[in-house]
Amino acid sequence: MKIVKKILIGLAVVLVLLIAAAFIVPVVFKDNIKAAIDKEIEKNVNADVVFDVNNFSLSVFRNFPNITAEIKELGVFNRAPFEGTPLFVVQRLDVEVNLKDVLFGDRLRLKGITLVEPQITVKVLADGRANYDIAYPSTDTVSVVEEEPGSFSFGIDHWEIINGELIYDDASIPFYTSIRGLNHTGSGNFNEKEFDLKTKTALEGITVRFDGVEYITNKQAVVDAVIGISEDYTRYTFKENVTHLNDFALSAEGWFKMNENDYGMDISFSSPENTFKSLLSLVPGVYTQDFGKIETKGDLVFSGFVKGIFSDTQMPAFNLNLKVDDAMFKYPDLPTAITNINMDLLVDNKTGVIENTLVDLKKLHLDFGSNPVDARLLIENLKDYRMDGQVKASLNLAELGKMFPMEGLSMAGLFTVDASAKGVYDSLKKIIPAVNASLTLKDGYVKSAEFPLPLEKLRFTSSIKNASGKMAETFVTVTDFGMLMDGESFGGNLSLQNLDDYTWDLDAKGGIDLEKITRIFPVEGMTLAGKVKADIKTKGKYSDVKASRYDKLPTSGSASLKDFKFNSTDLPYAVTIAQSEAVFDPKKIELKNTSGTIGKSDFAVSGAISNYIGYVFGNETIKGNVSFNSTLLDLNEFMTDTGTAETTTDNSSLGVIPVPQNIDFILHSNIKTVKMMDFVISNATGDIIVKDGVANLNGVKFNLLGGAFTVTGAYNTKDINHPLYDFGLKIDNMSVQQAANSFSIVKTYAPIAGLVNGNFGTDFKISGELGQDMMPLMNTVNGSGLINIAQASLTQSKLVSGITSLTKLDDADNVTLKDVLMSASIKDGQLSVKPFNVKFGNYVTSVSGSTNLNGGINYALKMNVPAGKLGSQFQGLVNQYAGSNNSTSEVPLQIGLGGSFTDPKVTLLAQEQKEQVKEAVTAAAQEKGKQAVEGLLAGEKPKDALNNLLSPKKDTTAKTTTIDSTKTDVKQEAQKALEDKLQNLLKKKKN
């Protein structure tokens, strides 16, 4: 009753507001009407009410002397958690009010309500929340006082529903019912405390499902009932009533009462008609347009009761009796009838405890022509299902299919069964009833409308035996199984015993067309095609499978597969196998002549695979030694989706290529072309050893970007979120620019390589971690090795222009490398190179230093430059001590290179340069000392010789410059060095 009240409250608020507006306010105020109604609805109703004020109308003549208010296209839609679910939608709603009450009365008495094409959906969640509970709870905390009678009375004379649809879906019970084509009329005065509710109802189809079991499926129903309502709308007494489901009639007596916390009832029911034909109308597929032409006879007795309390913890007692005596029926187009139909069924529960339900099918007998069917079954309870049953039948499936037609399915053959079962079923104690059954099928035929090819010549003989009820003593045999499908035959035999430790012996031989099988037995999201031929024998125990004793599972035979194709919604590519042959024994499978495609990639495989039984049954490691050949292997198709947002790079949707951990394979590979991200690899050969989630490359050779590669090392995906690599690379004759443009490591640590023209080779070891886009994580890179550059050049670089600007060398803007062997290492985000020589123009320069992960550079350059080529700052210094005619003397320069590749900072290293100038001038002084000695030997006075050395000659083209303190220090040191040198020479002269 709570449900009824809440539905009435919610809908009444909406209807009263709409109807009142239609009677009181003139049409000219339609916009104001809608605004006012919307405001009241928003205040009182937790739902979206959709209507158009232009769809309101009033009529005096349609149901005179009553006034009819009409509302078209009204909808009530739920909010969270039932968003989008229409609670109530109606094409037209008519409300009749007595004209006299409108003109002279103080209350409006509703005379009638008509719903045209309503759609009502009631939904209750498992936690009890219901979509019909749309009225906002009252916030008034004042005690309730008795209200005066309202302006409306619900003493309805009549109501009507035309072509309605109703769905009640209650997950808290769980119960579901759907009704379509509902036409209903009724009357009753709800202002009275006790009154009779008179109804007539017709349904085109009703479906009822409880706890996942469908009890009524799309049955027609007609209900004529008079129900007494009393006790504040909580007690319903069944008076005159009859309900028809299809052609089956049912009447009820008794009462049903809605209490505060449960439901009370005492209802008995029976069939007022006693014909077998009425019961036959409930059988699926029988109640058709030709049902009236079926010839029947026989008597029917159907009765039962439901008595007691129904609540969350209790069920009422119930009883059902069904008896059929000497019945028959015959279709007009069948030569034979089903005769001698006798049934005696009792379902009884005296306590309301569901486990105490008794099911007793005392007798069931019928004759399909000359083929009899006999059955009996006693189930004493629904706890341990103590049973005693037997069935014996011989069925002509072709006649059975005509008597009980199933749309789209035709069948034929002679099926026999003779089975008995006695005992209890207890899964915890591993006890089953003792069973003795035999089944046979001869000349079987099955055809589905979904697939035009039938299964023909179906046959088998089977037996199931268990004398003790112990699962370990169960024996199942299937012998001489066979079938034919589109000319392909398949047959086999099976022996299965011991349901505690499945023990089998199976042999199978024949051909199967996978496409035809999957069309008959479709698998959602997958399509298969191909022809399998097999000759297989296998036997063993499941305990040996679990214990990995695969040597005790003798399996042998051969199989072939041709024109295989596999598609799945889970894979973005198809798998095909043009042909494959396999010969196997318990230890291994030998693959021969196997070729196919995976997406765009092709393959040809041969070799041996071992431990395949453990792989299939125990997820153990499968082992193999296989030759793999391909003209194209497109790895991009196999990269897993990282799920990241779209970016501007094509590799954003690619992911880590996983290496399975339960595969131990040696792949002798020969692949003409491999595609991986933007790279195209050609002529790949070598061994790939896959084991424990790691792919080890052993001397794999290939060509990439014009260079020749040899790779040895490992790709490790044991932790798929942190894949690792550890490779030794040997590269010959590869373009420096190609490497810089293609390899992120080169691009990060040596961006200048993008401006270098020439080729290089390397022998380099490198390791680190890959990101989910299969690109190296730069902060994890470690490596070391040698880089060999035979011939290369660099021009138009800010680095070069910065150096030439500092040194004023006008012929050093072209850097060349020839026969350079560079030693480099990467560690802690830094690339370091040991000194190597290049040429700036004709000047040999030694380069060493490092580049860090952030792009910063720190390099030192040592360059020997003729003094005459230096800028004025350095040349003036040298001229002071060596003379202006010493411009050809070489002066070593120490240049620092900092900043970044795009913004380099070129500086002289001051302290180092000071030492170098000192050494240069000292060398010049030594030369002058020699000249002074030669002067002394020639007769010059010592004082004159010294003055000549220390007094620089004038240079008429040079401007006078001021020598800073640094130059003064250098001059003084040079003078002292000359004096010491001269004294030493003089001492030698005296000696």
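This is a predicted model: local features need pLDDT of at least 70, side-chain atom pairs count only at pLDDT 80 or more; totals for chains, interfaces and linings use all residues.
**Entry 1: a surface patch**

I started at the surface, where Ile173, Phe210, Val213 and Tyr215 make up a nonpolar patch with about 380 Å² of accessible area together. My patch rule takes residues with over 30% relative accessible area and no salt bridge, joining nonpolar side chains (Val, Leu, Ile, Met, Phe, Trp, Tyr) within 5 Å and like charges within 9 Å. Accessible areas come from the Shrake-Rupley method with a 1.4 Å probe, and for residues only the protein chains shown count as cover. I placed Val213 in strand 11 (residues 213-230), and its relative accessibility of 41% makes it partly exposed. For the record, buried is under 20% relative accessible area, exposed is over 50%, and partly exposed lies in between (1.4 Å probe, protein chains only). Helices (H or I, at least four residues) and strands (E, at least two) are DSSP runs, numbered from the N terminus.

Residues are numbered from 1 along each chain as its sequence is written, and side-chain values use heavy atoms, with hydrogens and water left out.

**Entry 2: salt bridges**

How many salt bridges does the structure hold? I got 21, counting a side-chain nitrogen of Lys or Arg within 4 Å of a carboxyl oxygen of Asp or Glu. I looked up Glu70 with Arg92, whose closest N and O atoms are 3.7 Å apart. Glu70 sits in strand 3 (residues 66-77) and Arg92 in strand 4 (residues 86-98), so this pair ties together parts 22 residues apart in sequence. Glu70 is buried at 9% relative accessibility, whereas Arg92 is partly exposed at 26%.

Next came Asp196 and Lys239, which meet at 2.8 Å, N to O. Strand 10 (residues 195-210) holds Asp196 and strand 12 (residues 235-245) holds Lys239, so the bridge ties together parts 43 residues apart in sequence. Asp196 is partly exposed at 33%, and Lys239 is partly exposed at 42%.

I also noted Asp384 with Arg386, at 3.8 Å between the closest N and O atoms. Shared partners join Glu70, Lys72, Arg92 and Asp94 into one salt-bridge network.

**Entry 3: helix 11**

Which residues of helix 11 are buried? In this helix (residues 798-807) I found Leu799, Val800, Ile803, Thr804 and Thr807. Down the axis they fall within an arc of 125°, so they line one face of the helix; the arc is that of the directions from the helix axis to the C-beta atoms. They pack (contact means heavy atoms within 4.5 Å) against several strands, including strand 40 (782-794) and strand 41 (815-827). Just after the helix, Lys808 takes a positive phi of about 60°.

**Entry 4: aromatic rings**

My search of the whole structure gave 13 aromatic pairs. Rings of Phe, Tyr and Trp (its six-membered ring) pair if their centres lie within 6.5 Å; planes under 30 degrees apart are stacked, over 60 edge-to-face, and the rest tilted. Phe51 and Phe56 have ring centres 6.0 Å apart and planes at 85°, so they are edge-to-face. Phe51 is buried at 7%, and Phe56 is buried at 15%. Phe248 and Phe302 are edge-to-face too, with centres 5.3 Å apart and planes at 80°. Last, ring pairs link Phe679, Phe702, Phe709 and Phe743 into a cluster.
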